[in-house]
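Hi everyone, thanks for making time.

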Amino acid sequence: MALDVLIILTVLATGALLWLPGVKNAAAWRAAVTPLASIIGSGFLVLGPILDFAYGKWAPAAMAGLCVIAYLLGSAIRYNIVHQQGAGGTKLTRGVDVASSAVLAFAYVISVAYYLNLFGAFGLSLVVEANPSSARLLTSAVFAVILFFGWTGGFKSLEGLEYASVSLKLAIIAGLLIGLGEYFFEKTANGELVLNDMNRHGWAGLTLAFGLIITVQGFETSRYLGGEYNAQVRARSMRLAQLLSTLIYMIYIVLLAYIFKRGDLKLSETAIVDMTRVVAAILPFFLVAAALAAQFSAAVADTSGSGGLVEEFTGGKVSQRGGYAILVVIGLAITWSSSVFQIISYASRAFAMYYCLQAFIAAILARKEGASLRFALYSCLSLLSLAIVIFGTSVENGTG
């Protein structure tokens, strides 16, 4: 009970802090909110149990690897933000950028399916005997709501919820870390920390990590905030969002990876709910609230972005509303044909293709600027992203 009270106080205090005018209205923080909302979204809740299941005591190392790769890919996009303005770009880079926008629109389609399938899973996670079909029905209903708002032009009424959603998520994450921290130190004091062996080795472990890029993705949204912030602010805000999310992810996985025996809990998309139920009674309810807010707001943002990109690269032949309809049809097909873990892998590979093209652009610009080390780095990142596209796998593969 005392821990529940401490968690509630932490959530309230963090939420109040984030709504202080000096914090809420700070330009750098406001610019960082959009990428931060995407990075610390669905992935945060599903990633911990997956890494714990697959990598055991090496889960923090796997998490660090994902964050480093994400930060380097963010570096390529930040380089493009600053150097591809006006005369900085070339005909080739502008052409590849158009192609990358088309790829991003497709990636958004899959990511919305990912967000809303997690919405369905978490929405029913506190219901006894919830099943995949029930979750898919809830997901389909939310797709219909998304299409309604998009078709009637009602997204504007929802977009203002972004800051509230991010604040809620961060406040609940603060409460989660307090709860996990107390449980972790209790286990430490009693000599009960767990060192699980790896469940994925070698190539299988590497390709699984490839399939998890979506869980640390979202920083690229800074690339498309040019109408609100200049290039320098967007680049700085992306870096801030990535560093803050990395800090949160690393604390989270270190606290989570050593307190549960692998056989104690079943791996599922909502495993974190069962894990935290052991820690504190209040946490599952908070996490479900955070998950629903995160998934819905992220789905609205990516649906809106996808519709705009479709209209842009088709030269207006397909309207934004048409783009929304296409997204919903494809999303429903994915929902009823794939598991959440499979959708995570599909989304990771789609975004990796976008990162491949963006890193390619950065390499060209770096070569033009005579930055040989950056040219080598971004060339390697482009090839790595291509490898992720080809070889990324789902956690379900090889689980037996």
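Let's start with Phe351 and Tyr355, which are both buried, where buried means under 20% relative accessible area, exposed means over 50%, and partly exposed is in between, with a 1.4 Å probe and protein chains only. Quick word on the source: this is a predicted model, local features need pLDDT of at least 70, side-chain atom pairs count only at pLDDT 80 or more, and totals for chains, interfaces and linings use all residues. Residues are numbered from 1 along each chain as its sequence is written, and side-chain values use heavy atoms, with hydrogens and water left out.

Back to our two rings. Phe351 and Tyr355 make a tilted aromatic pair, with 6.5 Å from centre to centre and 35° between the planes. For the cut-offs: rings of Phe, Tyr and Trp (its six-membered ring) pair if their centres lie within 6.5 Å, and planes under 30 degrees apart are stacked, over 60 edge-to-face, and the rest tilted. Phe351 and Tyr355 sit four residues apart in helix H15 (residues 340-369), so about one helical turn separates them. Helices here are DSSP runs (H or I, at least four residues), and they, like strands (E, at least two), are numbered from the N terminus. These two rings also belong to a cluster, in which ring pairs link Tyr108, Phe219, Phe351, Tyr354 and Tyr355.

Tyr79 is in helix H5 (residues 59-83) and Tyr378 in helix H16 (residues 372-391), so the pair ties together parts that are 299 residues apart in sequence. Buried or exposed, then, for Tyr79? Tyr79 counts as buried, at 6% relative accessibility, and Tyr378 counts as buried too, at 0%.

Rings also turn up with charges over them, meaning that NZ of Lys or CZ of Arg is within 6 Å of the ring centre and within 35 degrees of the ring normal. Arg78 lies over the face of Tyr71, 4.6 Å from the ring centre. Arg321 does this with Trp151, at 4.5 Å from the ring centre.

On a 1 Å grid over the protein atoms alone, a cavity is a set of points where a 1.4 Å probe fits but cannot get out, a pocket is an open set with protein on both sides within 12 Å along at least five of seven lines, and lining residues have an atom within 4 Å of a point. Grid points are joined across faces, edges and corners, and a volume is the space filled by probe spheres set on the points.

The second largest pocket has a volume of about 550 Å³. Its lining has 23 residues, and Ala121, Pro132, Ser268, Glu269 and Thr270 lie nearest the centre. Which elements give two or more residues to that lining? They are helix H6 (91-123), helix H7 (132-151), helix H12 (271-279) and H15, and H7 gives the largest share, four residues. By class, the pocket lining has ten nonpolar, eight polar and five charged residues. Nonpolar here means Ala, Val, Leu, Ile, Met, Phe, Trp, Tyr, Cys and Pro, charged means Asp, Glu, Lys and Arg, and the others, Gly among them, are polar.

Let's stay with Thr270 for a moment. Thr270 lies in the loop between helix H11 (231-257) and H12, and counts as buried at 13% relative accessibility. Leaving aside neighbours within four places in sequence, Thr270 is in contact (heavy atoms within 4.5 Å) with Ala121, Phe122 and Ser125.

As for cavities, the structure holds five of 30 Å³ or more. The largest cavity has about 120 Å³ of space, and its lining includes Pro49, Asp52, Phe53 and Met275. H12 and helix H4 (42-55) each supply at least two residues of that lining, with H4 giving the largest share, three.

Last stop: Leu195, in the loop between helix H9 (162-189) and H10. Leu195 is exposed, with a relative accessible area of 60%. Leu195 and Trp58 are 137 residues apart in sequence, yet 8.9 Å apart in space, C-alpha to C-alpha.
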